[in-house]
Amino acid sequence: MLLDNIMEMNLIVNKTFQSISVGVMLDGKLSVANADNLMDGRWWISRVNVQDNLRGLGIGSTLLNRMIKEILTYGETDIIVAPGGYNQDTNKQFHFYEKNGFVKTNEDGLLTYKNELCQNI
């Protein structure tokens, strides 16, 4: 898809040992994903924010997957998220994270990233 190629070329990655941000400027608007190192072997996805008029185009998934790729370079495989926050449509958020490799790990709504990359490290 053309949009995927454009986005991959224009992704901005800001990476430190404590946090990772991945963003892209499209149509004059910034969309961003952030994760924080909890310093106990886990990374917490704190935000995936795509501008309303750009939702449904795969931008959030591209940002999230690039951020996960960056986290995995540290050798960490425990990546968690708890949907909620500004957008209270948690069903939509759960679906987004589940389609991107997360599974529900407790009744409080915590999701953990699971895929073959994490299992092989």
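Two strands count as paired when DSSP finds at least two bridges between them. Keep that in mind as we walk through this predicted model.

**The strands**

Strand β3 (residues 29–37) and β4 pair in the antiparallel sense over 6 bridges. One of the residue pairs to look for is Asp-36 with its bridge partner Trp-44 in β4. The hairpin of β3 and β4 has 4 residues between the strands, and there Met-39 takes a positive phi near 65°. On to β5: this strand runs parallel to β4, and 3 bridges join them. Here Trp-43 has Ile-79 of β5 as its bridge partner. To get from β4 to β5, the chain passes through α2, making a right-handed β-α-β crossover.

| Strand pair | Sense | Bridges |
|---|---|---|
| β3 and β4 | antiparallel | 6 bridges |
| β4 and β5 | parallel | 3 bridges |

**The helices**

Helix α2 (residues 59–72) has 14 residues and reaches 20 Å from its first C-alpha to its last, close to the 20 Å expected. Because 11 of its 14 residues are buried, α2 is largely enclosed by the rest of the structure. Among these buried residues are Ile-59, Leu-63, Met-67 and Ile-71.

Now look at helix α3 (residues 90–99), where Gln-93, Phe-94, Phe-96 and Tyr-97 are buried. Seen down the helix axis, the buried residues fall within an arc of 160°, so they line one face of α3. Their cover includes β4, α2, β5, β6 (102–104) and β7 (111–113). On the other side of α3, you can find Asn-91, Lys-92, His-95 and Lys-99 exposed. After α3 comes Gly-101, with a positive phi near 100°.

Note on methods:
Residues numbered from 1 in each chain as written. Predicted model: local features only at pLDDT ≥ 70, side-chain atom pairs only at ≥ 80, totals over all residues. Heavy atoms only, no water. Helix = DSSP H or I, 4+ residues; strand = E, 2+ residues; numbered from the N terminus. Expected span 1.5 Å × (residues − 1). Buried < 20%, exposed > 50% of the residue type's maximum accessible area, 1.4 Å probe, protein only. Arc of directions from axis to C-beta. Contact = heavy atoms within 4.5 Å. Right-handed = clockwise from strand over helix to strand, strands pointing away.
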